[in-house]
Amino acid sequence: MLSSTVLKLRCPRSKCSSQKGELRVHAVKSIPIQTLDKQKLTDVWHGHVECPSCQSKYPILSGILILVEHVRDYLCVHVKGISKLVADAEIPKEYRNEYLKVKKEWLAEQGSEYIEEDLESERVTSLYLMNHYLRASESRDWFQAKNGSPLIENLISEFWDQGPFTHIEKWIRELRAQNLSELSVVELGCGVGGFSRMLKDSGFYLGVDSSFASIALARHLNLGVPYPHEIKIPGDLIDGAVSRTVEFKPIVNPNCDFILADLEELPLKTESFDGSVALNAIDMLDEPSKLPRLQFEAVKKDGFAIQSCPYIWHSKTAKRLRAKAPKVATDSAMVVEWLYEKAGFKIQKREVQIPWLFFKHFRQLEIYSVHAFLGFKN
Ligand SMILES: C[S@@+](CC[C@H](N)C(=O)[O-])C[C@H]1O[C@@H](n2cnc3c(N)ncnc32)[C@H](O)[C@@H]1O
Ligand SMILES: [Zn+2]
């Protein structure tokens, strides 16, 4: 992590009262980041962040700050993503034995089926990487194949570049034109971090997500920090889940950073950003109404929120939402706009059905339709 990032953060412990207390960074190893304009920047690669109020320590592993209340649980649940990038010796001593036990069990199971929702798996992160960083108009190598599907290739050529990012980028450009050129933005559930590139020459961007594998890729691609593996994407599944390499061009944006945190205990200082973004995340939360509240708390007076999603609700969540929402809100888009208005946002711009393609492999393309809006804090 960049040491300056800590200024935006607070302790995630529910019982800690240190809203104002500054977290402190303790670096054991730092690495230089070479910016284009030769700014001297260092990334804390190994060390920890400490809360002076409750003395809790949060590890920094391979440049990634793990700012969650229950570090032990996090390390054990996310062993797959972590162990690909972090040497065992770097796991804090107090958690190492338990971590190694879980790692051993995981290694014994390796080769079993991956699950679609496994955001620490190489296959799933590779799908988001394509989505965030590849454009059909810039290169065709990644989706075209000898004997490939003409239908899939035509759909990608026509619609890939017209997805939610394209619409949201236009809103961001308009916001920056209205004297908001130095926007500071936090993205909740940022995944592999492609959104940060919309802000690369303005303000400050912070990406927050709970997937270690995604944050590591986001930091590599947007801060240029080392990544020890080749980045692969799917092709023909007979060759394996990910079998092809394409070029993902890392950039160095000294005004961005990405940390690990849980939206359920979001460790951000309140009202410290101009805007907050959450893409395809609201339907992953048990309590969706929490997301607009978090976005409201994160932004300053007159701050903005951008939200987009295809609303693939779990049935229990849908039932609860349906029961709470007013009768006039007759579909998911209206229910979510109602949640944001109730939290204190006024919706100013919206797109109701944006095509969003998800390339799974040479013989599978998923088509979603996404609702997106921009609202301002009342
Ligand atoms: C469907 S993905 C979308 C990723 C990215 N926003 C995009 O649109 O491509 C949802 C993201 O939310 C993250 N996420 C889900 N629940 C979370 C939580 N409780 N705390 C932090 N991140 C969470 C996941 O790790 C994942 O990266
Ligand atoms: Zn604390």
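Biologist: What makes Tyr311 count as buried or exposed?

Modeller: Tyr311 has 9% relative accessibility. Buried means under 20% relative accessible area, exposed over 50%, and partly exposed in between, with a 1.4 Å probe and protein chains only. At 9%, Tyr311 is therefore buried. Before we go on, this is a predicted model, where local features need pLDDT of at least 70 and side-chain atom pairs count only at pLDDT 80 or more, while totals for chains, interfaces and linings use all residues. Residues are numbered from 1 along each chain as its sequence is written, chains are lettered from A and ligands numbered from 1 in the order in which they are written, and side-chain values use heavy atoms, leaving out hydrogens and water.

Biologist: Where is Tyr311 found, and what is its phi?

Modeller: Tyr311 sits in the loop between strand E11 (299-309) and helix H9 (315-324). Helices (H or I, at least four residues) and strands (E, at least two) are DSSP runs, numbered from the N terminus. Its phi is positive, about 55°, although Tyr311 is not a glycine.

Biologist: And Asn147: why is it called buried or exposed?

Modeller: Its relative accessible area is 73%, so Asn147 is exposed. Asn147 also has a positive phi, near 60°, in a residue other than glycine. You will find Asn147 in the loop between helix H4 (122-133) and helix H5 (150-159).

Biologist: What class does Glu297 get, and why?

Modeller: Glu297 has 44% relative accessibility, so it counts as partly exposed. Glu297 belongs to helix H8 (residues 290-298). Setting aside neighbours within four places in sequence, Glu297 is in contact with Thr270 and Glu271, contact meaning heavy atoms within 4.5 Å.

Biologist: Now the ligand. Which residues come nearest to ligand 1?

Modeller: There are 14 residues around ligand 1, and His132, Gly189, Asp209, Leu279 and Asn280 come nearest. A residue is near a molecule if one of its heavy atoms lies within 4 Å of it.

Biologist: What makes the pairing of Asn280 with ligand 1 a polar contact?

Modeller: A polar contact is a pair of N or O atoms within 3.5 Å; within protein, one must be able to donate a hydrogen and the other to accept it, and residues adjacent in sequence count only if both atoms are side-chain atoms. A polar side-chain atom of Asn280 is 2.6 Å from an oxygen atom of ligand 1. For Asp262, a side-chain N or O atom lies 2.8 Å from a nitrogen atom of the ligand. Ser210 places a polar side-chain atom 3.2 Å from a nitrogen atom of ligand 1.

Biologist: Where does Asn280 lie, and what does it touch?

Modeller: Asn280 lies in the loop between strand E10 (273-279) and H8. Not counting residues up to four places away in sequence, Asn280 touches Ser308, Cys309, Pro310 and Trp356. From Asn280 to Gly189 is 91 residues in sequence and 8.1 Å in space, C-alpha to C-alpha.

Biologist: How many disulfides are there?

Modeller: The count is 0, where a disulfide is a pair of cysteine sulfur atoms within 2.5 Å. As for burial, Cys11 is at 3% relative accessibility, so it counts as buried. Cys16, with a relative accessible area of 15%, is buried.
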